[in-house]
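Trainee: I am new to this structure and would like to know how its labels are decided. Can we take them one at a time?
Mentor: Here it is.

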Amino acid sequence: MTTLDPDLVLRGYAAGIFPMAESRDAPDLFWVEPRERAIIPVGGFRLSRSLARTLRSDRFAVTANRDFAGVIRGCAHRPETWINGQIEEAMLALHARRAAHSVEVWQDDRLVGGIYGVALGRAFFGESMFSRATDASKVALAWLMARLQVGGYSLLDCQFMTDHLASLGAVTVSRDTYVGLLSEALRFAARFDALDESLVSAGGSGMSGAAGKLIVQLLGQTS
């Protein structure tokens, strides 16, 4: 299998492009630069009352960077995927270098959802998410947004717009607007783990309803 240089991936993201494959078993990949880009403004996540109730409950446990490999497998192992072996290996290498991160959602000690992506400066490039339980991917995205907000990020790139993302606050921007936002985000640093300090102060990690209440507070008003 041809390898994908992790440094090349980072340079691609910094230039506003990202790799994709035709399928899980595709031997090759291609680089994409959409004319329009879906982003969720940091601080602009749309939190519904029902999702807020789920976050405040003990229904799910949420962790970060506990099972990156499991999250990328969950995203890749489905009928249609753009994550081939080259991309998976490059992402695992970036995670080992702390340049890629995941949020995991657990139910009864079983991984039921998650999201992963790449971090550069104050930009986070959300790559993919998956769900094996109702609301699990929404919970993962809500926790990610809280992490980005507390950590000082300014841009969450969602790549392509979907109805699901639009319902959670995603908006579409032009290529030129995106490049400007990205350029500004790359000028400064951010911390993906900054939320952990707030969780300790609140009395726990993502394993309790108390932590979920903090996430609801951070994300602001519900609709």
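Mentor: This is a predicted model. A search of the whole structure turns up 0 disulfides.

Trainee: Why does the distance between sulfur atoms decide it?
Mentor: Because a disulfide is a covalent bond between the sulfur atoms of two cysteines.

Trainee: Why is C75 called buried?
Mentor: Its relative accessibility is 0%, and buried means under 20%. C75 therefore counts as buried.

Trainee: What makes C158 buried?
Mentor: C158 has a relative accessible area of 14%. The cut-off is under 20%, so C158 is buried as well.

Trainee: How many aromatic pairs does the search of the whole structure find?
Mentor: It finds 5. One of them is formed by F68 and Y116.

Trainee: Why is the pair of F68 and Y116 called edge-to-face?
Mentor: The ring centres are 5.7 Å apart, and a pair needs centres within 6.5 Å. The planes stand at 75°, and over 60 degrees counts as edge-to-face. The pair is therefore edge-to-face.

Trainee: What makes this a link between distant parts of the chain?
Mentor: F68 is in helix α3, residues 68-76, while Y116 is in strand β6, residues 110-120. The two are 48 residues apart. Both F68 and Y116 are buried.

Trainee: How do you know that F124 and Y153 are edge-to-face?
Mentor: Their rings are 6.4 Å apart, centre to centre, with 85° between the planes. The limits are centres within 6.5 Å and planes over 60 degrees apart, and this pair is edge-to-face.

Trainee: Where in the chain do F124 and Y153 lie?
Mentor: F124 is in strand β7, residues 123-131, and Y153 is in the loop between α5 (136-151) and β8 (155-159). They are 29 residues apart, and the pair links distant parts of the chain. F124, Y153 and F192 form one aromatic cluster.

Trainee: Are F124 and Y153 buried or exposed?
Mentor: F124 has a relative accessible area of 1% and Y153 one of 6%. Buried means under 20%, so F124 is buried and Y153 is buried.

Trainee: What sits over the ring of Y178?
Mentor: The charged end of R37 does, 4.0 Å from the ring centre. The distance limit is 6 Å. Likewise, the charged end of R66 sits over the ring of W106, 4.3 Å from its centre.

Conventions: Residues are numbered from 1 along each chain as its sequence is written. This is a predicted model: local features need pLDDT of at least 70, side-chain atom pairs count only at pLDDT 80 or more; totals for chains, interfaces and linings use all residues. Side-chain values use heavy atoms; hydrogens and water are left out. A disulfide is a pair of cysteine sulfur atoms within 2.5 Å. Buried means under 20% relative accessible area, exposed over 50%, partly exposed in between (1.4 Å probe, protein chains only). Rings of Phe, Tyr and Trp (its six-membered ring) pair if their centres lie within 6.5 Å; planes under 30 degrees apart count as stacked, over 60 as edge-to-face and the rest as tilted. Helices (H or I, at least four residues) and strands (E, at least two) are DSSP runs, numbered from the N terminus. A charge sits over a ring if NZ of Lys or CZ of Arg is within 6 Å of the ring centre and within 35 degrees of the ring normal.
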